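Here is a friendly briefing on one protein chain. Take a look at the picture first, then read on.

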Amino acid sequence: MRDDAVDLTQLHRILVIKLRHHGDVLLTGPVFTALKTAAPLAEVDALVYLDTADMLRAHPDIDRLFTIDRQWKKEGLWAQLRHEYDLLQALRARRYDLILHLTEHARGATLVHLLQPRFSVAGVYPHKRGRLWRASFTHLYAAPLTPRHAIERNLDAVRRIGIYPRAEDRLLKLVPGTEARTRVAELLKGHGLSTRGFVVVHPSSRWNYKAWTLAGFVELVDKLQARGARVVLTSAPDRREMDFTQQLIARVKQPPIDVSGLLSLRELAALIDHARCLVGVDSVPMHIAAAMGTPVVALFGPSGDLEWQPWRVAHRIVAADFPCRPCGLEGCGNSHHSDCLAAITADDVLAAVDEVLAA
């Protein structure tokens, strides 16, 4: 590991690797802005999974977006190797001076060995990474011992090479695009919705242990609508999540506007941009709302709100006062059921909605 400073004026091309889920990828955005601010003449590229690419697509501080398709594995070994060889050749042609690897994914370390940049940065976790990991990068930064927001943890990578982001460089940026905005404008018109005239409720998550109860969401939607609020229900196009929203619709007194499973993530961003607020659990729509500047009410259970709360936007966290949370487990005893979430009441959430809208 080297301790010498990186001469930013000598950087021509930079690659940032983030092979994680949608929310994780979205929260890397300030890294690109910090790099562009410090080295405005450098080209800054990103490498992410294909299904998460919309989180960074059209980001103003990214020059090229490279992707790895998780579906390659389904095409067989030789097809996967061909795809990865083509990607490697495309990355080699860029001749990177600096690579920042923002996860512990072994693929990132392998790429550093294959691409041979002058400088390479990664985090080090002593309980998980040994000498081989440490020898793979020129600059290492330590993982924080106390809870810290994921955006700040990502920015530690650029701090390690002498870049100290300004406050204005730490904003989330998400560009829905013209096509997404046009479709959402038509959707709003079709339902007679005006800007800031509705509340988006996104009740589901790909992780069961992060989800609130069906009964809780039914009561919440009923109470919101009884007060005259127009509720728009959203979800991912995942069958399990859509089943959850359909069960909710079947139980409420008056069906909300249902667009669950119908929107892409960029369309969801365009919709949330028009909403009064978003109510949901710890999942990517919460971060999308923060990027769009829309107030958020977020329900937290086992996951840590200090690390994952909505970034720099008006918000309220709703969490039960359990001494064991956040435990970081997949539900109590990894059962995928979280008592701390089940203990939250609809009145708790409704009070948070009132507070965030008043603020």
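Accessible areas come from the Shrake-Rupley method with a 1.4 Å probe, and for residues only the protein chains shown count as cover. By that method, the accessible surface of the protein chain comes to about 16300 Å², and carbon and sulfur atoms hold 52% of it. This is a predicted model, where local features need pLDDT of at least 70, side-chain atom pairs count only at pLDDT 80 or more, and totals for chains, interfaces and linings use all residues. Residues are numbered from 1 along each chain as its sequence is written, and side-chain values use heavy atoms, with hydrogens and water left out.

**Overall build**
- The protein chain has 14 helices and 12 strands (DSSP runs numbered from the N terminus: helices are H or I with at least four residues, strands E with at least two).
- Its radius of gyration, taken over C-alpha atoms, is 21 Å, close to the 21 Å from the globule rule for 359 residues, so the chain is as compact as a globular protein of that length. The rule is 2.2 Å times the number of residues to the power 0.38.
- The C-alpha trace spans about 60 × 45 × 45 Å along its principal axes.

**Inside the chain**
- Of the 359 residues, 54% are buried (under 20% relative accessible area, with a 1.4 Å probe and protein chains only).
- Helix H6 (residues 150-159) has 9 of its 10 residues buried, so it is largely enclosed by the rest of the structure.
- Among those buried residues are Ala150, Glu152 and Arg159.
- The cover over the buried residues of H6 includes helix H2 (29-38) and strand S5 (119-124).

Technical notes
Buried means under 20% relative accessible area, exposed over 50%, partly exposed in between (1.4 Å probe, protein chains only). Contact means heavy atoms within 4.5 Å.
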